[in-house]
Amino acid sequence: MTKFADLNLSPAIIKAVNRLGFEEATPIQAKAIPLGLEGKDLIGQAQTGTGKTAAFGIPLIEKIDVKSPHVQGIIIAPTRELAIQVSEELYKIGTEARVKVLAVYGGSDIQRQIRALKKGPHIIVGTPGRILDHINRRTLKLGNVETLVLDEADEMLNMGFIDDIESILETVPEERQTLLFSATMPTPIRRIAERFMKSPEVVRVEAKEMTVPLIEQFFVKVPEREKFDVLARLIDVHSPELAIVFGRTKRRVDELANALTMRGYIAEGIHGDLTQAKRMSVLKKFKEGKVDVLVATDVAARGLDISGVTHVYNYDIPQDPESYVHRIGRTGRAGKEGMAVTFVSPREMGYLRIVEQTTKKRMQPMRPPTWDEALEGQQRITMEKLEEAIKEGSVDEYRQVANELLAEHVDAVTVIAAALKVLTKEPDKTPVHITEERPLPQKRDHYQGGGGDRNRNRRGKPGQQSYKGNRKPQRRTSGRRP
Ligand SMILES: Nc1ncnc2c1ncn2[C@@H]1O[C@H](COP(=O)(O)OP(=O)(O)OP(=O)(O)O)[C@@H](O)[C@H]1O
Ligand SMILES: [Mg+2]
């Protein structure tokens, strides 16, 4: 275990890190911070939610000369939300050292950003397009940049940002330090990335699996047209504190958010076609717990760090294993537990196996809950709420009516049952419309017909996990839903 105090950091940073409640450095931080301080180029790869932001943020901040008015560090991130989140974390780490951090991203008032840029920020965090825009307007000068970071580098290169990134790099001095971080770094992408770097060191946290062990991973084999009912029942049974549902397309995200709302869940969708203001307000409500279920596309959720996400549902299995890793990594962060459930239509089983081969982790089969089980789940939540109210003991104002009710009805159980019924959100059968999506093109997994697969079939069937899983992540007992 490495303490931050052993990492040769300045007192201002140690103080900030303590204030953030970080007790010791995570493994990627312990490895990357010393190399980063030495000025080495780094490719950092570690599981989701293990503190990569501070792993590049701390050495970056240490090297800033706060007396200079120039931009000395630039971080490029694939989405606006991520740029904001990273700038907030760096601000917290650097506040004691008086390091000024500014986020620049599209969809927000450029004049205001220009004014903020004039105030001499030391570090800029931004999306590729908006950074370039400022470079072209000459409102952002990168001639004094010493450190450049690409957060979620593989995603940015996948998204076709390579030309933008190269244009940005042309304005950054060559003798800079370049840091590149992600939970996944497929080899071809890494080769492209290395073009920007000088004999980079690869810092990787050796782990048996690519995913976090604290995330329990399940799959449910379910035909497309039954998916929505299964999703609703799973949410009833699991009663997540906060849940994220991933859909494959923007239309799917919109339809799912609407359908969930019609069934009485507090759900909202987020994807790239929404205005920046809308995206930010949805995320804010989700973080504050005013929205229980966030429905999202892959891109919208990369890197997002929202505490309290206990469950991730992949309504559609992702096309590539990397997006699976990033999706489920929205839960199980910073040492917390989480559960991930992936829906897979029978024809898509090949994709599931490919995901498992990449992550080196098997998903356990989960049986879809029945309507009765969903009801039972909701009844249990009502009961927990009642127990809590009893424990709190603040029910005196209700004793009078309780006595009246019991005087009128002979059977106390009937009275309580009625009260439970009123309080319970019964599983809803409101018809909803979800456009059917074609399954992904059939893909054969490498092991089909081989020993591994036979083995799995034998194990899979009788040993099926119940819909409840083994461990259930802690649920917020105060329950927000009526
Ligand atoms: N040393 C630490 N001790 C405790 N918590 C930490 C530590 N370092 C970072 N954290 C917290 O852990 C959470 C996850 O960190 P972060 O977002 O940097 O993860 P990440 O590795 O970038 O994940 P992803 O791959 O999803 O982007 C954040 O809330 C962060 O504040
Ligand atoms: Mg990150």
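Visitor: Is R252 buried or exposed?
Guide: Buried means under 20% relative accessible area, exposed means over 50%, and partly exposed lies in between (1.4 Å probe, protein chains only). R252 has a relative accessible area of 0%, so R252 is buried.

Visitor: What kind of model is this?
Guide: Residues are numbered from 1 along each chain as its sequence is written, while chains are lettered from A and ligands numbered from 1 in the order in which they are written. Side-chain values use heavy atoms, with hydrogens and water left out; local features need pLDDT of at least 70, side-chain atom pairs count only at pLDDT 80 or more, totals for chains, interfaces and linings use all residues, and the model is predicted.

Visitor: Which residue forms a salt bridge with R252?
Guide: A salt bridge is a side-chain nitrogen of Lys or Arg within 4 Å of a carboxyl oxygen of Asp or Glu. Here the N to O distance is 2.5 Å, and the side chain that meets R252 belongs to D316.

Visitor: How many residues apart are D316 and R252 in this salt bridge?
Guide: The salt bridge between D316 and R252 links distant parts of the chain. R252 is in helix α11 (residues 250-262), and D316 is in the loop between β12 (309-314) and α14 (321-328); helices (H or I, at least four residues) and strands (E, at least two) are DSSP runs, numbered from the N terminus. Like R252, which is buried at 0%, D316 is buried at 0%.

Visitor: Which residue forms a salt bridge with K421, and is K421 buried or exposed?
Guide: The closest N and O atoms are 2.8 Å apart, and the partner of K421 is E426. E426 has a relative accessible area of 33%, so E426 is partly exposed. K421 stands at 53%, and therefore K421 counts as exposed.

Visitor: How far apart are the closest N and O atoms of K227 and E224?
Guide: K227 is buried, with a relative accessible area of 1%. E224 is buried as well, at 15%. They form a salt bridge, and the closest N and O atoms are apart by 3.3 Å.

Visitor: How many salt bridges does the structure hold?
Guide: Some are linked in a network, which is made by E152, D154, E155 and R302. The count for the structure is 32.

Visitor: Why is β5 largely enclosed by the rest of the structure?
Guide: T147, V149 and D151 point one way from β5, and L148 and L150 point the other way. Both groups are buried. β5 is largely enclosed because its buried residues number five of five.

Visitor: Which residue of β6 is the bridge partner of L150?
Guide: Two strands pair if DSSP finds at least two bridges between them. β5 pairs in the parallel sense with strand β2 (residues 73-76) over four bridges, and on that strand the partner of L150 is I76. Five bridges join β5 to strand β6 (residues 177-182), which runs parallel to it. In β6, the bridge partner of L150 is L180.

Visitor: Which strands stand at the edges of the open sheet of seven strands?
Guide: The order of this sheet is β10-β11-β9-β12-β13-β8-β14, with parallel pairing. An edge strand has a single partner strand, so one side of it is left without a neighbour in the sheet. The edge strands are β10 (267-270) and β14 (364-365).

Visitor: Which residue of β11 is the bridge partner of F246?
Guide: Strand β9 (residues 242-246) and strand β11 (residues 293-296) run parallel and are joined by four bridges. The partner of F246 is A296.

Visitor: How many residues of helix α3 are buried?
Guide: Helix α3 covers residues 52-62 and is largely enclosed by the rest of the structure. Among its buried residues are K52, F56 and L60.

Visitor: What distance separates the C-alpha atoms of G335 and T50?
Guide: G335 lies in the loop between α14 and β13 (338-344). G335 is exposed, with a relative accessible area of 58%. G335 and T50 are 285 residues apart along the chain, and their C-alpha atoms are separated by 8.1 Å.
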